[in-house]
Amino acid sequence: LELMKKLLLLISMFVLNQTNAQQNLVLNPSFENMSGVLNCSFYGGQILPVLNWSSGNTATTDFYSSTLAISCQMHPLNPITAFQQPRTGNNYMAFINGLGESNYREYVRGCLSQALVVGTIYNIEFYVCLTNYANTGMNNIGLVFINNTEPIFPITSTIPLVPDVNYSGSPITDRDNWTLLSFQYTATTPNMNAFIIGNFFESADTNHQVIDNEGYLEAYYIIDDVSISEAAASV
């Protein structure tokens, strides 16, 4: 009987540890909780109608919702702009990862429910898809942790931070399917309770692949289902 009690205790501790490890720290990870009036056309500022999310700099990050009329530019299935169903729910955000030879950048900025613990390993995952509006795929889609008291970067160009994790593989050109970007990161700095996603490299250091030879070389991506969770401890 005593052995059975110990076994049950070990099992319960393991299950509790697994549950804690898989808890997503990202607030509003699929952009479903909204806080304002939706735009039918492209947004012109940094204030977006979605809780816990904003732009990382003064460029114009976008917000799409299937609750809008499908004729709206900001409807996910409008063929001129995104033309992709949300991976889950009704909404997603979008950002320009690169525009021609310029260093114009758009970023999405999110919040965590609690600060990262120094020395702890975290799993980082999010899904991206190239939009119909884009004519170029790129790499260098990264994430950097910050403290949420830090102000927005007052620029429309590359944010001068080194990403904590970064996708540096082949340019992502898939317009039909969501591409998972997955990383592991060991926290090194205290009080990191927010993050920024986008391209932290200059255009000269970013690989691109042209799909349609029309207009600027623009890599415009949508993003959904952002997850940052403590990695499960090995047993």
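A disulfide is a pair of cysteine sulfur atoms within 2.5 Å, and by that criterion the structure holds 1 disulfide. Keep in mind as we go that this is a predicted model. Let's start with the whole chain and then come back to that bond.

The protein chain has 1 helix and 12 strands. Of the 235 residues in the chain, 46% are buried. The accessible surface comes to about 11200 Å², and carbon and sulfur atoms own 55% of that area. If you count contacts with a separation of 6 or more, 80% of them are between residues 24 or more positions apart.

Now for the disulfide. Which cysteines does it join? The partners are Cys 40 and Cys 72, with an S to S distance of 2.1 Å. This pair links distant parts of the chain, 32 residues apart: Cys 40 sits in the loop between α1 (2–21) and β1 (53–55), while Cys 72 sits in the loop between β2 (62–65) and β3. The torsion about the S-S bond of Cys 40 and Cys 72 is about -105°, so the disulfide is left-handed.

Is Pro 29 buried or partly exposed? Its relative accessibility is 28%, so Pro 29 counts as partly exposed. Ser 30, in contrast, is buried, with a relative accessible area of 10%. Pro 29 and Trp 53 are 24 residues apart in sequence, and their C-alpha atoms are 9.3 Å apart in space. Leaving aside residues up to four places away in sequence, Pro 29 touches Asn 24, Trp 53, Asp 225 and Val 226. With the same exclusion, Ser 30 touches Thr 88, Asn 91, Asp 224 and Asp 225. One of these neighbours, Thr 88, makes a polar contact of 2.9 Å with Ser 30, side chain to side chain.

Finally, let's turn to Glu 106, which is placed in the loop between β3 (91–99) and β4 (108–111). Glu 106 is buried, yet has no salt bridge. Where is the nearest side chain of opposite charge? That side chain belongs to Arg 105, and it is 10 Å away, whereas a salt bridge needs a side-chain nitrogen of Lys or Arg within 4 Å of a carboxyl oxygen. What the Glu 106 side chain does have is polar contacts: one of 2.7 Å with the side chain of Tyr 104 and one of 3.5 Å with the side chain of Thr 60. Beyond four places in sequence, the residues that Glu 106 touches include Asn 57, Ala 59, Thr 60 and Thr 61. Among its other contacts are Ala 94, Phe 95 and Ile 96, along with Ile 197, Gly 198 and Tyr 220.

Conventions. Residues are numbered from 1 along each chain as its sequence is written. This is a predicted model: local features need pLDDT of at least 70, side-chain atom pairs count only at pLDDT 80 or more; totals for chains, interfaces and linings use all residues. Side-chain values use heavy atoms; hydrogens and water are left out. Helices (H or I, at least four residues) and strands (E, at least two) are DSSP runs, numbered from the N terminus. Buried means under 20% relative accessible area, exposed over 50%, partly exposed in between (1.4 Å probe, protein chains only). Lys and Arg count as positive and Asp and Glu as negative; His and the chain ends are not counted. A polar contact is a pair of N or O atoms within 3.5 Å; within protein, one must be able to donate a hydrogen and the other to accept it, and residues adjacent in sequence count only if both atoms are side-chain atoms. Contact means heavy atoms within 4.5 Å. Accessible areas come from the Shrake-Rupley method with a 1.4 Å probe; for residues, only the protein chains shown count as cover.
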